[in-house]
Every structure is written in structure tokens, then in C-alpha cells.
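Here is a short report on a structure with its chains side by side. Look at the model first, then read on.

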Amino acid sequence: MEKFQTITSTCVPLPIENVDTDQIIPARFLKATTREGFGANLFADWRYDKSGAPISSFVLNNSTYSGQMLVAGKNFGSGSSREHAAWAIAGYGFKVVVSCFFADIFKGNALNNGVLPVVVSDNFLAKLFADIQSNAKTTITVNLEEQTIRNNASGVSESFEINAYKKECLLNGLDDIDYLLSKKGAIEAWEKAHEA
Amino acid sequence: MPSTLFDKIWDAHVVTAVKNGPTQLYIDRHYCHEVTSPQAFDGLRKRGLQVFRPEKTTLSPDHNIPTLFQDQPIKDPISKNQVDTLTRNAQEFGLTMYGLGHAKNGIIHVIGPENGLTLPGMTIVCGDSHTSTHGAFGSIAFGIGTSEVEMVLASQCILQPRPKTMRITYNGKLQQGVTAKDIALYTISQLTTGGATGYFVEYAGEAIRSLSMEERMTVCNLSIEMGARGGMIAPDETTFTYVKGREFAPKGEAWSKALAYWQTLPTEEGAVFDREVTFDASQIEPMITYGTNPGMGISIHASIPSINQIDPAGQISFEKSLKYMGFAPGEQMEGKAIDYVFLGSCTNGRIEDFRAFASIVKGKKKADNVIVWLVPGSWAVEKQIRAEGLDKILEDAGFELRQPGCSACLAMNEDKVPAGKYAVSTSNRNFEGRQGPGSRTLLAGPLVAAAAAITGQITDPRTL
């Protein structure tokens, strides 16, 4: 996994609540057997019409907005455990998703794929949406080491929570399997102690 | 200190704790299907690893499989490739798989309990959010992502932050004609789709204790739809009776020993939960959803809310949702015409669901304008339907039984609801496009689905 660095970027706003994993990546795109290529179908049913042409009103098709940060409404990523949703977001080029609330499994899947979910307050999110709307060049800066997110238009910054272990993993580009494989002895000891 | 069902099982499975981090939890049972596993097996190959405890993983293809002509090769080449990939991975890594044509094939969350693979006190995971189903047995069961599937294959463990605990207690008795699905849809409508995020839920109270195992599975299945990591119900005589004698359940002395342990699992008097919620079960009516998430449910006689009843931050989503569904705020759901009915899925594809459906349609005729897909959750359910003669009741009413699989729940096979059409579905999600691009899903229980299949419109089954 790539090491996560401090990022400053413009944002793509999606001010909708309860964006579920079926919207992030519809089920018919889950038939692949590799992790690659999901970015092209991110938000497919909101992004393309039946003929496959881009729907101009959808934000990913609006050249005014771009960047490595997706800013979304409350309860982002609800629904399925499909990691394909995180692969689609990462594959599209997003490094950070900002919302005031995330679904649990999505959050874990994002972190396991080097995408940082940043939980901000309702006020921070509302102001950020307003600032992006009035100026699409509004940037935010996410500093993982310090656990801060700053709205560079308003100057307002907040600290965010992240599990200390996951933070180390992201900063150092490590994954959970490396950790688990280092614990084989403890696993075998647990099994021995629990033999029926 | 008195402890909860959740705490007892969790604590018994901790291998190590990462400092300031997640718990390394031992997993007793790993279920796997074709959609969320290929990249995990690839990961093992890339790292040169074997499956650490192959006997603890069970595979079944379910999401992609057709519900007709399963004896023939799958027509969709991409679906076929995914199912074939599962078969190849099972062979290469020495895992048990119940493939197409096998008597044990079916939806993984249906066949696990049927075969006694799901037992009280276990930790159970699967790359599928509805793994919460297995919590009905008094186990910790939750859905995981593909990276985590790889972790479990490689180490039989997973790294998980300890969730908070919530108990939802249902006092009183259910009204006649109200099902487990209605309990779940009611609960999600009250708590919202994010209302239990971060929690593991224990369902308790008189109304829960009176449910059969299959009904309990329906309730736990939908825990994920309110954001919970999982749901669980303390094991009791209902649980033990269901489990006893199933193929992989303990036998003889091992049974007595297991039973003695399972009886120690229920939450103790005075145990503390992070959150407690109480409902009056007698207030629950048959439910139906009107919107595009499972929290948008109402009693079948109620009206869709008006915009001023919705929190301002959620109004854009509410309006978008109603526009998609072709409904207006304040409208009545009862009497609305529908086009499709789907009975099946890991939520409502078990034998009791078919019995419930048959109880309503018996002696009546299917509405001409409605296409009905009746899809058993497994071949064992299919066999039982025939053994009980339910197939005859269904046929006489004009219905036809299809072959088992996930089917129109998420439409990864051919069973897709066309754009703009309305489907009363016993499945778990009504998200935009869930049953096919542009499809409009109304979630309901098997009785409401049966009533709609007969009248062609949203109907209270108690009036038939």
C-alpha cells in the first residue's frame, strides 16, 4: 500500500445523505475477479445514461469540480460490505472522503485501501459545501499525522479521530495481513487452549 | 460484573489486542461466495500463502446463479467466470464448496444454519453484509470486505475494533398477521439506516423470545440496514431444538458439552449496554417501504410523510428518493398498483416464508398483471416446499417455483426488474437500481408480498 501523505486539494461535492454502496458501484459491476478498473464505473447509474453517455448534471461530469477529495452527506457508504465501493473510489483517484457520518464496513474497507474517511462536524460539512458551491477552487488540507482537516477558504480547521493502529498503517503503507501473519504463534496457542 | 451475550463471545475469541488499536479476533466459521472472494484468493497466491484452517471455510456460489436451467452452463460469460473462479479456488486451496447442482447449494446465509454449520457462541464472518443473519443463534456474525476475507483465509483471524453494544427490547405480543420482517422494517424506520452504526445489537423481550429460529434470522439479517455491525439473539430452547441433529452440529458427548456452554451465554441480569431502546411490539403493523433506503418504511395503512416532517439536512435526499420512486409526499401506499413480486433472498427465502406466502394465496388466483418470482433460499428449502405440497398450492394459484439463489434481491443474475416498474420484494434493500437499473423496490414481508401477488396492488394481507 502507498504511504498516505498530507494532501491539499480541491473537492468534489455530493451533498446527498445515505449514499449507499449500490450507488457507489452497482451490483452488475461486481462480476470482476480483479481489483482494477472499478473507477470507470464509480456512481455509474448517476453518472451515465442508458446509452452510456455522461449525464451533465452529475457532479463527476461537471468540469468545474475536480480533486482528490470527495465531500458527501451524512451516512456515506451505507449498505453492502462490497469492498468494490472502496476500490471504485480509490480507482477514480479519490484519496479522502469527507462526511459527518460513515457506515462502518465502508469505513474499514476504505482504510484497507488507502482511502482516508474523515469525519467532520455537521457545521464544518455545511460550511464546506457552501464554500465549494460559491468557489469551486476551494481547497481543503488533510494532515493525517496531526489528524487535522482545514477548510482553506474559511480558515476553519478541525481535528478528526482515527484509530492509532490504522493511522500507523496508512502513514507507513502497511496492511493488516502483515500484522496477522506475525502472530501465527499466538493463533496456534489460542487454538490449543480452545480445543474441544 | 454481569456481562452481555456479546461480551462473553467476544472475550472468548480475543487472540491478542493491538495497543490503542483493534482486537485480533479468532473466527470459528468463514462463509464465502463468488463475488467478494476472487481478489482475496489472488492475494494469497501473490503472497505464496495457503489457507490457514481450510476446514473452517465453506463456499457456495449464490449471487450470480440463474434461477432456471441450473443444470446447464451459466449463459452470462462474466457470471460464469466468477462462479468458475470460486470452483478453481476451492480446488486449489482444498476448501469445501457446494457448487451448482449440489444438494446443499443455496444462499450461503441459508445453507449455513440448515446444515448446522452456524452454532451458538461462534464468531462467524463472510464477505457479505447480511452475515448478521447468523446472530440469530447467539453468535457474533458480521460482514467483512475482501481484504478481510484474505486475512481470515490467511490467519483464521481478523482485526476489529470492539463495537459498542445496544439492546433493543420488544415488550408485549405481536398482532396477528405481523411478521418478523415487519419487526425489522419498523425498527429501522424508527432508528434510521444509520441509527445503530458502531453498535452490535442484541434483540430481546417477549416478542423476540416467541419467534421461531427462521423468524429470528429475518430480524438479525436486517440489522445491517440500520448500520449495526450485527444483531444477535440469546440462544434458548428454540435455538437448541433447531440445531440438534443437523449434519455438522455436535453429536453425543460433544453435544452435551456444547449445550452446557451455550446455556451460559445469555446476557446476565444487570449487564450494561452502551445504549438501550424499547419498543411496544403490539404497536407494530404490517410494513411497507416507500423510498430508496430500508429506513423509509411505514405501516401499510399510513401515508408517506410530508416534506415538513423531514429533517432539513435530509430534504434533498427525501425529494430525490420520492422522485425516483414516482411517489408524492403525503400519498397513501395501500391500493397502489405493482408490477412484480419477489419472494426469496437471505431475508425471506426460508421454508416458513413459503408457508406464509402459500397461506395467503391458497385457493386464490394470481393477479394477471403481476410477474412473480418465487425463489427458495436453498435446494433444501425447495425440497421441503415439495414435500409439504406447497408447490401444488402455488401452482393452483398460478405461480411457478424457480431454482435457488440470491436472484432478484440484487439482480446479479437475469432476474432484473425493468426500469420504472414496481416490485414488492421480501429482500433486504430498496436502494436505487438494486433490482435492476431504474427498478423501484417496495420492501415487505412474505404476507404482504402474497397479498400483492393476488390483488396486483399494495394490500393489507389481513383483509384477504
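B:Ser37 is buried, with a relative accessible area of 1%. Buried means under 20% relative accessible area, exposed over 50%, and partly exposed in between, with a 1.4 Å probe and protein chains only. This is a predicted model, in which local features need pLDDT of at least 70, side-chain atom pairs count only at pLDDT 80 or more, and totals for chains, interfaces and linings use all residues. Residues are numbered from 1 along each chain as its sequence is written, chains are lettered from A and ligands numbered from 1 in the order in which they are written, and side-chain values use heavy atoms, leaving out hydrogens and water.

**Around B:Ser37**

Where does B:Ser37 lie? Its place is the loop between strand 3 (29-32) and helix 2 of chain B. Helices (H or I, at least four residues) and strands (E, at least two) are DSSP runs, numbered from the N terminus. Leave aside the neighbours within four places in sequence, and B:Ser37 is in contact with B:Cys32 and B:Leu86. Contact means heavy atoms within 4.5 Å. B:Glu414 is 377 residues away from B:Ser37 along the chain, and their C-alpha atoms are separated by 21 Å.

Helix 2 of chain B covers residues 38-47. Its buried residues are B:Pro38, B:Gln39, B:Ala40, B:Phe41, B:Gly43 and B:Leu44. What covers them? The cover includes helix 3 (84-92) of chain A. From chain B it includes strand 4 (57-59), helix 3 (77-93) and helix 5 (146-155). After helix 2 of chain B comes B:Gly48, with a positive phi near 70 degrees.

**A covered helix**

Helix 16 of chain B takes in residues 446-455 and is mostly covered. Nine of its 10 residues are buried. Among them are B:Pro446, B:Leu447, B:Val448 and B:Ile454. The cover over these buried residues includes strand 13 (287-289), strand 15 (340-343) and helix 12 (345-348) of chain B. It also includes helix 13 (351-361), strand 16 (371-374) and strand 17 (422-425) of chain B. B:Gly456 follows helix 16 of chain B, and its phi is positive, near 80 degrees.

Most residues other than glycine have a negative phi. A:Gln147 is not a glycine, yet its phi is positive, about 55 degrees. It sits in the loop between strand 5 (139-143) and strand 6 (148-151) of chain A. Is A:Gln147 buried or exposed? At 19% relative accessibility, A:Gln147 counts as buried.

B:Ala411 also has a positive phi, near 55 degrees. Its loop runs between helix 15 (390-396) and strand 17 of chain B. B:Ala411 has 4% relative accessibility and counts as buried.

**The two chains**

Chain A has eight helices and seven strands. Its radius of gyration is 18 Å, close to the 16 Å that the globule rule gives for 196 residues, so chain A is as compact as a globular protein of that length. The radius is taken over C-alpha atoms, and the globule rule is 2.2 Å times the number of residues to the power 0.38.

Chain B has 16 helices and 18 strands. Its radius of gyration is 21 Å, close to the 23 Å that the globule rule gives for 464 residues, so chain B is as compact as a globular protein of that length.

| Chain | Residues | Buried |
|---|---|---|
| Chain A | 196 residues | 54% buried |
| Chain B | 464 residues | 67% buried |

The C-alpha atoms of chain A fill a box of roughly 60 × 45 × 25 Å along the principal axes. For chain B, the C-alpha trace spans about 55 × 55 × 45 Å along its principal axes.

**Where the chains meet**

How many residues of chain A are in contact with chain B? There are 53, and they are in contact with 67 residues of chain B. The two chains bury about 4800 Å² between them, 57% of it on carbon and sulfur atoms. Buried area is the accessible area (1.4 Å probe) that two parts lose on being put together, summed over both. A:Lys31, A:Thr33 and A:Trp190 supply 16% of the area that chain A buries against chain B, more than any other three residues.
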